[in-house]
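I opened the model and kept notes as I went. The entries follow the order in which I looked things up.

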Amino acid sequence: MITHFELDAFTDSDTFELLANRDEIGLLEELTKNLSREKKIEFVATCLAIDRHSYLRAGFRTVKRFNLYEEFPDIKKQYWESSIDRMVSKGAFEAALKHAGDDVHFQERVVNALVAAGELEYARTFAERCSFSEADIASICSDEMMMQMRADRELRYYKLPENVNVSFVDDENSLKEMFEVLRTSTSIGIDTEWAAKLGDGLDSENESEETKDTEEDDAKMPPSKTARSTSNSLSETVALLQISSRTDCFLLDLPRLIHDVPSNVLEDTLGALFSNDSILKLVFAGKEDFKRLNRCASYLGQPRNVLDLQQYWRTRIENARKNKQNNKKKNFSTAEGKDDDDGDDAETETRKKPWLREEELNRHQPIGLSNLCAALLSKPLDKAARMSDWSLRPLSKSQTAYAALDAQVLVQCHDVLVQETTSSLDDHPDEFCRRRRRRF
């Protein structure tokens, strides 16, 4: 009680602004818990005056926790609108629409945000899905423009090769068929799509988490209310497991398989693939994937003979930077006497070792799979479906193509890397894997 009154006496709007200017938002929220209702109202008013989503979220949480809706009747709407705008700005279009739920106002907010961002194709598609009027749909873009945008997308992004067979695995028979196809492969690509908790419409209890999983390049999406996978908790861990060879890609409904298929069968098929030293497992930033798979079944979380292409790429770039610095020092005194052929040799080496390109050497963040695909296969990946509902069954056509390509492209990228590093054992990806004896 004494602490309460002391804090109240020495806390005012200047205190809130000082802490806000120092980005001490956590401290601000803790402080507010021990203040009077009047001071809590003052804190929320300060949050609303700061034009930043994180402070709007803090203000909304305070209003919700201490029932200050009478003083701030519109804050929930403001917070939801800000959340939607933020999701759209980060490319999490499906997450934004899911966050809008069935509320027409928020659905319109999503579509308008997409239009403002120049994403007319998605704006029109979402307007159609939300049953907007024909006039509203036509106002976004014409049918001809829509067809042209879809054609441009087809040309802009890398597509799954036509000779790749894609199969859905959700029972014992299809699992055994998959094992027979893949058990003789020399390499397989592995990826997962998982479901993180997210506000599902305006009445969700998870509002404060609405954008947490939009930060990562390969963020995953939550289960929907309808047609979910068999196990809700497993869907939130791993909703879909993709395994692909060069010509055959399998999309596994892992929650259903774990629920329906005897554990010994799972271990003799999936477990056998993951533990087979003769099969190279290709992943991309796979640590979190295997961490989640381990929660589903321990034999999935400890694969053998694994090559993480993101780690391989990062190591090659780090070594290239060191070599570049060393060469600068070594050749400084003889630079004027270098032959013109040296420039041609450097250009040839850069073509053979794409991590030597200037844009890669100057990259400060870990490369994403889409950019790796662009570097090795000349076109990036279309990541628009990454935030879709991965526990929905059946998967949409775009989800199927996206999920299959995310696993299959790992095999293609590995093939290119092997081909381009045959002259250098140190650079060879398989040698890199053997030296590290990579296990997750």
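**Entry 1: a helix on the sheet**

I began with helix α15 (residues 263-275), which lies across β2 (187-193), β3, β4 and β5 (280-283) and runs at about 55° to β3. Axes here are lines fitted to C-alpha atoms, for helices over the stretch in contact, and angles run from 0 to 180 degrees between N-to-C directions. Contact means heavy atoms within 4.5 Å. Helices (H or I, at least four residues) and strands (E, at least two) are DSSP runs, numbered from the N terminus. I then looked at helix α16 (residues 287-296), which lies across β2, β3, β5 and β6 at about 75° to β2.

I noted the ground rules before going on. This is a predicted model, in which local features need pLDDT of at least 70 and side-chain atom pairs count only at pLDDT 80 or more, while totals for chains, interfaces and linings use all residues. Residues are numbered from 1 along each chain as its sequence is written, and side-chain values use heavy atoms, with hydrogens and water left out.

**Entry 2: the sheet**

I traced the strand order next. Six strands form an open sheet in the order β1-β4-β3-β2-β5-β6, and the pairing is mixed. Two strands pair if DSSP finds at least two bridges between them. The edge strands are β1 and β6 (306-308), each of which pairs on one side only. From one strand to the next, the twist averages 25°.

**Entry 3: strand β4**

Which strands pair with β4, and in what sense? I found that strand β1 (residues 165-169) pairs with β4 in the parallel sense over five bridges. Strand β3 (residues 240-244) pairs with β4 in the antiparallel sense over four bridges. I also saw that β3 and β4 form a hairpin, with three residues between them.

Val-169 stands opposite Leu-252.

Is β4 enclosed or open? Five of the five residues of β4 (residues 248-252) are buried, so the strand is largely enclosed by the rest of the structure. Buried means under 20% relative accessible area, exposed over 50%, and partly exposed in between (1.4 Å probe, protein chains only). In a regular strand the side chains alternate between the two faces of the sheet. I found both faces of β4 covered: Asp-248, Phe-250 and Leu-252 are buried on one side, and Cys-249 and Leu-251 on the other.

**Entry 4: nonpolar cores**

I looked for nonpolar cores (sets of buried Ala, Val, Leu, Ile, Met, Phe, Trp, Tyr and Cys residues joined through side-chain atoms within 4.5 Å). The largest has 46 residues, of which Val-110 and Leu-114 touch the most other members. Helix α6 (residues 75-89) gives the most to this core, with six residues. A second, separate core of 29 residues includes Leu-241, Val-265, Phe-290 and Leu-293. In soluble globular proteins, nonpolar side chains tend to be buried together.

I listed the contacts of Val-110, leaving aside its neighbours within four places in sequence; among them are Ile-84, Val-88 and Phe-126.

**Entry 5: aromatic pairs**

How many aromatic pairs does a search of the whole structure find? The search finds six. Rings of Phe, Tyr and Trp (its six-membered ring) pair if their centres lie within 6.5 Å; planes under 30 degrees apart count as stacked, over 60 as edge-to-face and the rest as tilted.

Phe-60 and Tyr-79 form a stacked pair, 4.8 Å centre to centre with 20° between the planes. This pair links distant parts of the chain, with Phe-60 in helix α5 (residues 53-66) and Tyr-79 in helix α6, 19 residues apart. Phe-60 counts as buried at 2% relative accessibility, and Tyr-79 counts as buried at 0%. The rings of Phe-93 and Tyr-122 have their centres 4.9 Å apart and their planes at 55°, so this pair is tilted. I also noted that Phe-60, Tyr-79 and Trp-80 form one aromatic cluster.

**Entry 6: the chain as a whole**

The secondary structure comes to 23 helices and six strands. Of the 440 residues of the chain, 48% count as buried.
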